[in-house]
Amino acid sequence: QEIIVQTDTKSYPVLLGNGASTQLPIILEKFKKKPSQILIITDDSVANLYLADIKAQLKGWENVHSFVFANGEKAKSFENYYAIQSYALEKGLDRQSAVLALGGGVVGDIAGFVASTFMRGIPFIQIPTTILAHDSAVGGKVAINHPLGKNMIGSFYQPEAVLYDVNYLKTLPKEEVRSGFAEVIKHGLIWDRNFFNWIISEIKSLDDLTMDRLLVCLENGVKIKAEVVADDEKETGQRAILNFGHTLGHALEAAYGYGKISHGDGVALGILAATRISEKLYPELRLLDELLGYWKHIGFPTTIDKSVSPLELLDWMKKDKKTKQNHIHMVLIQEIGKVNLQSVPDDVIIETLNEFYV
Ligand code: NAD
Ligand code: ZN
């Protein structure tokens, strides 16, 4: 299965399926200039499982290096970014070198940002290993976190290719399956009512997520992402809809402490809050109860931890990149498949957040 992502700056394939990673040598051979050195960037969990496999694909290539860091959201730090750059310089990487991002969204985001800035930019390939990464590996947003906010330092930088080997997903722990599934549901809600209906009728719990169904989820998710990004690579308009659930989601990640709540769980809770606010604006929507029921079946959180206050969350939400002149802008849902970006007054946010504590 090959899905082409077409943006203003680049067109590249997403190869999705069993054994997609075996295409790596072929993709590298197609580079305009054969890479002089290859730097594999990954985390320790993924390295234990799949680094040898990727290195085996690269036999015959000289100058293959790997940089392995401790897994988790905390790795998207300036310190780690600097450490990778130092490693790349010490190993003598040059402008003709290439980066392979082997892992989930954390690896893809930081490795992509390293590639986008090392010597003003060298090519990179995404080799996603989580369900969540069907979202993060496509579209070219790469970034690290700052203590003052998620993904605050980054760039738009497209990969040469995305090799999405679904074999790798078999070892994902359940919480990571759930986290990635949140972005699948998001793609259905923002873009495609039929896909959303298919999800809730076919996947009643995470145990229903067989390989066949998972492939349907990933294929649809990647296609929707590719479609949205194609028309607005740098997010001057419609791309913002992919942020559905993320204004609160990112705030929760930052307020709980990076890594304390998974990205997907944060987004899932953020989708509930955005839906609640939407219902206040569009009373005919009536979606929240359905989502709440479904969230319980999947195991997503439906309440906010008492350790963080609504005011604290409001402050974090104001640091969002969509904030303009101190006004929070959120993606709201009018009906399934139809969302838009709107300014939401602070008091509406506080009032809504208060409904999510027990
Ligand atoms: P992650 O990369 O931390 O992976 C989750 C955990 O699963 C890690 O502990 C990892 O070691 C482990 N893991 C990865 N693959 C595995 C496998 N095949 N088997 C067993 N364990 C495996 O997190 P994630 O959920 O993939 O990504 C979250 C990040 O993605 C967040 O930082 C988020 O901001 C970012 N993101 C970016 C975009 C984008 O457009 N750039 C979009 C969505 C999310
Ligand atoms: Zn996300």
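The model is predicted, so local features need pLDDT of at least 70 and side-chain atom pairs count only at pLDDT 80 or more, while totals for chains, interfaces and linings use all residues. Residues are numbered from 1 along each chain as its sequence is written, chains are lettered from A and ligands numbered from 1 in the order in which they are written, and side-chain values use heavy atoms, with hydrogens and water left out.

**Domains and their interface**

- The protein splits into domain 1 (2-171) and domain 2 (174-354), with bounds that come from an automatic or database domain assignment.
- Domain 1 gives 32 residues to the contact and domain 2 gives 35 residues, where contact means heavy atoms within 4.5 Å.
- The C-alpha centres of domain 1 and domain 2 are 26 Å apart.
- About 3000 Å² is buried between domain 1 and domain 2, and carbon and sulfur atoms give 69% of that area; buried area is the accessible area (1.4 Å probe) that two parts lose on being put together, summed over both.
- I131, H134 and K150 supply 22% of the area that domain 1 buries against domain 2, more than any other three residues.

**Polar and charged links between the domains**

- There are 4 salt bridges between domain 1 and domain 2, a salt bridge being a side-chain nitrogen of Lys or Arg within 4 Å of a carboxyl oxygen of Asp or Glu.
- K225 and D135 meet through their side chains in a salt bridge, at 2.6 Å from N to O.
- Elements giving two or more residues to the side of domain 1 that touches domain 2 include α5 (133-136) and β8 (149-156); helices (H or I, at least four residues) and strands (E, at least two) are DSSP runs, numbered from the N terminus.
- The largest share of that side of domain 1, 5 residues, comes from β8.

**Around ligand 1**

- Of the 28 residues around ligand 1, E73, G105, K150, Y168 and T171 come nearest; a residue counts as near if one of its heavy atoms lies within 4 Å of the molecule.
- In the side chain of E73, an N or O atom is 2.7 Å from an oxygen atom of ligand 1.
- V106 has a backbone N or O atom 3.1 Å from an oxygen atom of ligand 1.
- T129 places a polar side-chain atom 2.7 Å from a nitrogen atom of ligand 1.

- K10 and E160 form a salt bridge, their closest N and O atoms being 2.6 Å apart.
- K10 lies in the loop between β1 and β2 and E160 in the loop between β8 and β9 (161-165), so the pair ties together parts that are 150 residues apart in sequence.

Note on methods:
Polar contact = N/O pair within 3.5 Å; in protein donor to acceptor, adjacent residues only side chain to side chain.
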